[in-house]
Amino acid sequence: MNWIKKTGIITAVVLTSGALIHAVSGEIKTETTTTSKRYFPASVDFAGEATPLNISDVRERFDRELLVNANLDASTLLIIKRANRFFPIIEPILKKNGVPDDFKYLAVAESALMNATSSAGAKGFWQFMPATAKERGMEVNDEVDERYHLEKSTEAACRYLLDAKSRLGSWTLAAASYNGGLAGVNKQITSQGVSNYYDLLLTDETHRYVFRILALKEIMKNPTLYNFNVMPEELYQGIPTKKVVVDSSVTDLAAFAKEQGINYKILKIHNPWLRDKKLTNASKKKYELEIPLSGY
């Protein structure tokens, strides 16, 4: 009988909760909801390009990713919390470059908004391979790896996506090519004689890729509809920093951190692109290091 009482209490709490977050970025709205994780939207789009949910195959592929991600409770909750810190950094860079805001959800799909490392060696929020990173203007070596630099890697991702959109003709195909490669997606477009992502038969991973982005977008824009009831104070907050320019070698980054009033751990958290305990800068290149001011 105790479990019945507990179930009743839990249900009452869910039904009476009235201060729930409606969005993870921008203005926070509140609402009361009694919907379940099986909510299904009437329509979805990526970068303004409609997803044809009237096609059974498309609807079922989207439904699969929606169900999977809505039920990854801890993982999706952490993503929602991280987005409050990192979306305000990513969003203006996308806007400045003329890349639709929806591509921030591609970064979510790639890395869950962490400096992740894949089994193939891709790294960072945007999961660049070393050669591709260098092609897109990033420095990658034993001491500096700008794949871990959120602003610079987002700029590089923008350059790739603009190129992909120009070549493939749609933002949805540009997103698919981020997973399947420009050449790979273009080859399938040519061989299959279709030019719409939703008409293409691709590898299973690329076949699911855009739908995972769509599902994450839907959940993160409407978290309460999928029972992610996060209070504002639970979201991870941005930490104010100042930029310190370094144009010479730093032989001991731990000592440098102490000179800035922080420690080596905090320095590396805010500058994960520094990959060694020193910064050899024979060319006297200007590097900007983020030094937190408070809240760290």
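The axes of helices H4 and H9 come within 9 Å and cross at roughly 110 degrees. Axes here are lines fitted to C-alpha atoms, for helices over the stretch in contact, and angles run from 0 to 180 degrees between N-to-C directions. H4 and H9 are therefore roughly perpendicular to each other, a class that covers 65 to 115 degrees, with angles under 35 degrees counted as roughly parallel, over 145 as roughly antiparallel and the rest as oblique. The crossing of H4 past H9 is right-handed, the near helix being turned clockwise from the far one by less than a right angle. On the H4 side, Tyr105, Leu106, Val108, Ala109 and Glu110 meet Tyr209, Arg212, Ile213, Leu216, Lys217, Met220 and Lys221 of H9; contact means heavy atoms within 4.5 Å.

The model is predicted, so local features need pLDDT of at least 70 and side-chain atom pairs count only at pLDDT 80 or more, whereas totals for chains, interfaces and linings use all residues. Residues are numbered from 1 along each chain as its sequence is written, and side-chain values use heavy atoms, with hydrogens and water left out.

**Overall composition**

The secondary structure of the chain comes to 11 helices and 6 strands. These elements are DSSP runs numbered from the N terminus, helices being H or I of at least four residues and strands E of at least two. Of the 296 residues in the chain, 45% are buried; buried means under 20% relative accessible area, exposed over 50% and partly exposed in between, with a 1.4 Å probe and protein chains only. Among contacts between residues at least 6 apart in sequence, 62% join residues at least 24 apart.

Helix H3 (residues 73–96) has 24 residues and reaches 33 Å from its first C-alpha to its last, close to the 34 Å expected at 1.5 Å a residue. That expected span is 1.5 Å times one less than the number of residues. H3 has a kink of about 50 degrees at Phe86, shortly before the proline Pro88; the bend is the angle between axes fitted to the seven residues ending at a position and the seven starting there.

Helix H7 (residues 171–180) is mostly covered, with 8 of its 10 residues buried. The buried positions are Trp171, Thr172, Leu173, Ala174, Ala175, Ala176, Ser177 and Tyr178. They pack against strand E3 (45–46), strand E4 (49–50), H4, helix H6 (150–168), helix H8 (182–192) and H9.

Tyr160 lies in helix H6 and is buried, with a relative accessible area of 10%. Not counting residues up to four places away in sequence, Tyr160 touches Arg136, Ala174, Ser177, Tyr178, Gly181 and Leu182. The C-alpha atoms of Tyr160 and Leu182, which are 22 residues apart along the chain, are separated by 9.6 Å.

**Positive phi angles**

Most residues other than glycine have a negative phi.

| Residue | Phi | Location |
|---|---|---|
| Gly98 | about 75 degrees | just after H3 |
| Gln127 | about 55 degrees | loop between H4 (104–111) and H5 (130–135) |
| Gly181 | near 85 degrees | following H7 |
| Asn227 | about 65 degrees | loop between H9 (204–221) and E5 (241–246) |

Gln127 counts as buried because its relative accessibility is 14%, whereas Asn227, at 35%, counts as partly exposed.
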